[in-house]
Amino acid sequence: MSLALETFAQAMKPADERGIRQWVEEEVVVPHSIKSPNVDYSLTPMLVDPLECLEDEDTRELVLMAPTGSGKTTGIIEAASTWLIGERQANAAIVFHTQAAINKWRQTRGEPTWKASKKTSNLLPPPMSPKNKKEYIRFPNMTLQTIFASTSQLQGDTIKVMIGDELWEWKPDMLEELR
């Protein structure tokens with residue numbers, strides 16, 4: 001097979017038919033977890049419906065309130081961002097309350113998960129690449145912004161999926177900016 005035809009065939013692979021839950025449980029590797037490197041929603045069934053809302057094109061907004069240590073960040077943010085990069089390929093943003101918090105999450109949880117997960121490891125640009133900046137990562141198939149909740153950060157870009165963390169710590173009116 002010619003190089004052009006082989007490249008075209010790889011690019012035109014059919015979408016994965018697994019649902020997001022199955023995809024995450026089989027594909028996402030969470031190297032920072034002290035419990036398991038794999039996501040297992042049988043341990044956190046309350047996260048399944050919110051996770052599956054990401055597949056639903058009609059869902060416009062979802063609010064998840066759960067206690068500290070219940071798996072929200074791993075089971076939703078790391079899992080969903082990995083799925084978005086590996087399967088959905090829609091421009092997305094992960095939004096935390098401060099620049100320090102989003103930088104820490106990206107360095108200690110986000111990037112290690114994307115590097116450890118087979119479907120996303122080869123899509124992550126090198127750390128010093130112009131495609132890998134503090135506020136965004138330009139994957140071959142999408143852009144993922146890693147930003148904090150401020151007026152300037154939440155305006156101006158076309159984002160299909162926005163995931164906010166710890167909204168109770170955001171400055172007043174930033175949720176409206178996110179919307």
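Mentor: A crossing is called right-handed if the near helix is turned clockwise from the far one by less than a right angle, and left-handed if anticlockwise. Helices here are DSSP runs of H or I with at least four residues, strands are E runs of at least two, and both are numbered from the N terminus. This is a predicted model, in which local features need pLDDT of at least 70 and side-chain atom pairs count only at pLDDT 80 or more, while totals for chains, interfaces and linings use all residues. Residues are numbered from 1 along each chain as its sequence is written, and side-chain values use heavy atoms, with hydrogens and water left out.

The helix to look at is α4, residues 72–88. Its 17 residues put the end C-alpha atoms only 20 Å apart, whereas a straight helix would reach 24 Å at 1.5 Å a residue (the expected span is 1.5 Å times one less than the number of residues). Of the 17 residues in α4, 16 are buried, so the helix is mostly covered (buried is under 20% relative accessible area, exposed over 50%, partly exposed in between, with a 1.4 Å probe and protein chains only).

One partner is α5, residues 99–116. The axes of α4 and α5 lie 10 Å apart, at an angle of about 50° (axes are lines fitted to C-alpha atoms over the stretch in contact, and angles run from 0 to 180 degrees between N-to-C directions). The pair is therefore oblique (under 35 degrees is roughly parallel, over 145 roughly antiparallel, 65 to 115 roughly perpendicular, and the rest oblique). The crossing of α4 past α5 is right-handed. From α4, the residues in this contact are Thr-73, Thr-74, Ile-77, Glu-78, Ser-81, Thr-82 and Ile-85, and they meet Trp-105, Arg-109, Thr-113 and Trp-114 of α5 (contact is heavy atoms within 4.5 Å). By class, these are four nonpolar, five polar and two charged residues (Ala, Val, Leu, Ile, Met, Phe, Trp, Tyr, Cys and Pro count as nonpolar, Asp, Glu, Lys and Arg as charged, and the others, Gly among them, as polar).

Another partner is α2, residues 20–27. The axes of α2 and α4 come within 10 Å and cross at roughly 95°, and these two helices are therefore roughly perpendicular to each other. On the α2 side the contact is made by Ile-20, Trp-23 and Val-24, and on the α4 side by Ala-79, Thr-82, Trp-83, Gly-86 and Glu-87. The classes in this contact are five nonpolar, two polar and one charged.

Thr-82 of α4 takes part in the contact with α5 and in the contact with α2. At 0% relative accessibility, Thr-82 counts as buried. Leaving out residues up to four places away in sequence, Thr-82 touches Trp-23, Val-28, Thr-113, Trp-114, Ser-117 and Thr-120.

Now for what follows the helix. After α4 comes Gln-89, in the loop that leads from α4 to β1 (92–96). Gln-89 has a positive phi, near 55°, although this residue is not glycine. With a relative accessible area of 41%, Gln-89 is partly exposed.

Glu-166 sits in the loop between β4 (161–164) and α7 (174–178), and at 29% relative accessible area Glu-166 is partly exposed.
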